[in-house]
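Let's walk through this one together, question by question. Have the sequence and the 3D view open as you read.

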Number of protein chains: 2
Amino acid sequence: MQARSGRSVTSKVLALLDAFGPTEPALTLSELARRAGLPLPTAHRRVAELVAWGALERGDDARYRVGLRLWEVGSLAPRGLGLRELALPVMEDLYEVTHENVQLAVRQGLELVFIERIAGRHAVPVLTRVGGRFALHATGVGLVLLAHAPAEVQEQVLAGPLDRYTELTSTDPKRLRRQLAEVRRVGYAISDRQVTMDALSVAAPIRGPDGVQAAISLVVAYDRADPLALAPLVQAAGRVISRALSGPHGR
Amino acid sequence: MQARSGRSVTSKVLALLDAFGPTEPALTLSELARRAGLPLPTAHRRVAELVAWGALERGDDARYRVGLRLWEVGSLAPRGLGLRELALPVMEDLYEVTHENVQLAVRQGLELVFIERIAGRHAVPVLTRVGGRFALHATGVGLVLLAHAPAEVQEQVLAGPLDRYTELTSTDPKRLRRQLAEVRRVGYAISDRQVTMDALSVAAPIRGPDGVQAAISLVVAYDRADPLALAPLVQAAGRVISRALSGPHGR
């Protein structure tokens, strides 16, 4: 069932979903067609099917948005809301005792995806968005996920490019490699002003039956941070979630 | 591009996604094929494409689960995480001052979908799941959403069947109709032991540019509930989120 263009219908449908992004949450039909690389009539037909199912919704402004039905199905992803449901009570406890930002992330390919975030109202502002992506080599959660990623993933990331966010970001592969070994040795990661100059994060691994599956962190203002005091707190939280992950449900 | 069976390829792909549910988060290929009503070879081909894109993930147990990529795209739904991002700080405030369960829901057809929930550790247990569905005629959020739904939606729900969860659930259309009129008049809904005999919820509408788009509620233990004291609190929270929804971003 390959279409004449050589692309399968499935890939065209998925390309329509790929057209949306954090900065493009609402698209007209012609924008959708262009971004998906589809002729307008093809896009029109597929979009109508996606709307009928609820994967897309059409607003009064004639723009299409990702539909609630897709969010519902997406909420069944064990690495998304499934993990989040297990982790949230622990994240809330960590928030209650620190009133700092608490973040939960998993690795997706060569990046991380933020699964949950509790943003302290008076804590240092963070730029992360639930569902948003970020590089692995800069944040605390990213360093934990990278340190425990398969060797080939580490090599690909180390091969670069390693974006520089601040003057303290590890963009030297040798230095980063040493940093990752240290993360594995001590059991936590500290990202000291490597994303923004006003913040520091302390992250610890969350282990499932198949190894490290996620990471949890506290992101605090640099000037009031005491990373060595925070590390055991974050590690303990990571262990509680790890136990839940390896529990009877065996997610 | 209709397949020989009369079903379009798009509908087959979507049927594979429909196969998953809260009680069926992990399926083998043959379970997937059966639930989607597809021949095994067809299912195999489509599933491979969905795995390649990341909509599904295959575990070491040879079962398929909803993939993180689908969760990422779903997180772009304005009625899902978009609404949730705006509402969460207000929900957290409501939780801090009450330490009760706080829920956020939207209507999807003739049901409601829970978008977010803060479960009080010592509050009355609630059965809701983020991404889960429930009937409109029993819960506080449901009554608010139903009271402000288009007339044809109200008529369809009133035409029944109206499931009975407790002896206090409104299953009489006449009584329910009066209840909905009252919800519109006073600006909030009280579900008094209509879902479980130990709980009461107080809900208020969240309005966007196109009318009521969501509802927020507190769910408290019946024996310590003072609904008339809680109502203004929930209404105020609804108004703060409404203002955010109608803000410059114009979601």
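Q: Is A:Glu155 buried, exposed or partly exposed?
A: A quick note before the numbers: this is a predicted model, where local features need pLDDT of at least 70, side-chain atom pairs count only at pLDDT 80 or more, and totals for chains, interfaces and linings use all residues. Residues are numbered from 1 along each chain as its sequence is written, chains are lettered from A and ligands numbered from 1 in the order in which they are written, and side-chain values use heavy atoms, with hydrogens and water left out. Buried means under 20% relative accessible area, exposed over 50%, and partly exposed in between (1.4 Å probe, protein chains only). With a relative accessibility of 39%, A:Glu155 comes out as partly exposed.

Q: Which residue does A:Glu155 meet in a salt bridge?
A: A salt bridge here is a side-chain nitrogen of Lys or Arg within 4 Å of a carboxyl oxygen of Asp or Glu. The N to O distance for this pair is 3.0 Å, and the partner of A:Glu155 is A:Arg177.

Q: How many residues apart in sequence are the parts that this pair ties together?
A: Helices and strands are DSSP runs numbered from the N terminus (helices H or I, at least four residues; strands E, at least two). A:Arg177 sits in helix 8 of chain A and A:Glu155 in helix 7 of chain A, so the pair ties together parts separated in sequence by 22 residues.

Q: Where does A:Thr169 lie, and is A:Thr169 buried or exposed?
A: Look at the loop between helix 7 (151–158) and helix 8 (173–186) of chain A for A:Thr169. Its relative accessible area is 2%, so A:Thr169 is buried.

Q: Which residue has its backbone nitrogen 3.0 Å from a polar atom of the A:Thr169 side chain?
A: Leaving aside neighbours within four places in sequence, A:Thr169 has contacts (heavy atoms within 4.5 Å) that include A:His137, A:Asp163 and A:Gln194. The backbone nitrogen 3.0 Å from a polar atom of its side chain belongs to A:Tyr165.

Q: What is the area buried between chain A and chain B?
A: In contact terms, 59 residues of chain A touch 60 residues of chain B. Buried area is the accessible area (1.4 Å probe) that two parts lose on being put together, summed over both. Carbon and sulfur atoms give 57% of it, and the total is about 5,200 Å².

Q: How many salt bridges are there between chain A and chain B?
A: One of the cross-chain pairs is A:Glu116 with B:Arg84, at 2.6 Å, N to O. Over all chains, the whole structure has 34 salt bridges. Between chain A and chain B, the count is 10.

Q: Is B:Arg84 buried or exposed?
A: B:Arg84 also forms a salt bridge with B:Glu85, with the closest N and O atoms 3.1 Å apart. B:Glu85 is partly exposed at 24%. B:Arg84 has a relative accessibility of 3%, so B:Arg84 counts as buried.

Q: Which residue does B:Arg224 meet in a salt bridge?
A: B:Arg224 is partly exposed at 47% relative accessibility. The side chains meet at 3.1 Å, N to O, and the partner is B:Glu100.

Technical notes: Polar contact = N/O pair within 3.5 Å; in protein donor to acceptor, adjacent residues only side chain to side chain.
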